[in-house]
Amino acid sequence: MVFEFISHAAEVKDNLDKAIEKALEKCGIKAEGYAYKLCPKRTGRLANSIAHTVRMDDKAVYIGTNVSYAPHVELGTKRQRAQPYLKPAVTDHSDQYNRIIKKAMKGE
């Protein structure tokens with residue numbers, strides 16, 4: 001009797017990475033939507049610049065904007081009160097992000 005052991009570790013890892021990437025992408029899209037709703041919209045420039053990036057090497061999604069005055073709106077200044085939109089978009093919806101990740105890990 002001859003036994004042959006075949007490893008599917010690479011295939012499993014690849015499928016896990018795909019599920020993680022899909023989950024992070026969905027979380028990023030959700031976070032963008034939450035941040036957009038919270039963002040002050042005097043001209044709409046800041047709100048419309050909100051974007052996310054998935055970095056699989058970090059297994060993370062980053063949300064932000066490239067508008068130069070964004071930190072002043074988020075954190076405030078001496079003359080302007082803070083109007084957070086990014087931090088609450090992430091922290092206030094952690095349960096939603098956890099559900100997205102769990103569903104993706106189940107293959108849904």
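Colleague: Where is Met 105 found?
Modeller: Met 105 is found in helix α5; helices (H or I, at least four residues) and strands (E, at least two) are DSSP runs, numbered from the N terminus. This is a predicted model, in which local features need pLDDT of at least 70 and side-chain atom pairs count only at pLDDT 80 or more, while totals for chains, interfaces and linings use all residues. Residues are numbered from 1 along each chain as its sequence is written, and side-chain values use heavy atoms, with hydrogens and water left out.

Colleague: Why does Met 105 count as partly exposed?
Modeller: Because its relative accessibility is 38%; buried means under 20% relative accessible area, exposed over 50%, and partly exposed in between (1.4 Å probe, protein chains only).

Colleague: Which residues make the nonpolar surface patch?
Modeller: Val 12, Leu 16, Ile 101 and Met 105 make a nonpolar surface patch of about 320 Å². The elements that give two or more residues to this patch are α1 and α5 (94-105). Patches are made of residues with over 30% relative accessible area and no salt bridge, with like charges joined within 9 Å and nonpolar side chains (Val, Leu, Ile, Met, Phe, Trp, Tyr) within 5 Å. Accessible areas come from the Shrake-Rupley method with a 1.4 Å probe, and for residues only the protein chains shown count as cover.

Colleague: Now to charges. How many salt bridges does the structure hold?
Modeller: The structure holds three salt bridges, each a side-chain nitrogen of Lys or Arg within 4 Å of a carboxyl oxygen of Asp or Glu. One of them joins the side chains of Asp 14 and Lys 18 at 3.3 Å, N to O. Asp 17 and Lys 13 also meet in a salt bridge, at 2.8 Å, N to O.

Colleague: And which residue forms a salt bridge with Asp 17 at 3.5 Å?
Modeller: That is Lys 59, with 3.5 Å between the closest N and O atoms. Lys 59 lies in the loop between β1 (51-55) and β2 (60-64) and Asp 17 in helix α1, so the pair ties together parts that are 42 residues apart in sequence. Salt bridges that share partners join Lys 13, Asp 17 and Lys 59 into one network.

Colleague: What does Tyr 36 touch?
Modeller: Leaving aside residues up to four places away in sequence, Tyr 36 touches Lys 41, Ala 47, Asn 48 and Ile 50, where contact means heavy atoms within 4.5 Å. Tyr 36 itself lies in helix α1 (residues 9-38).
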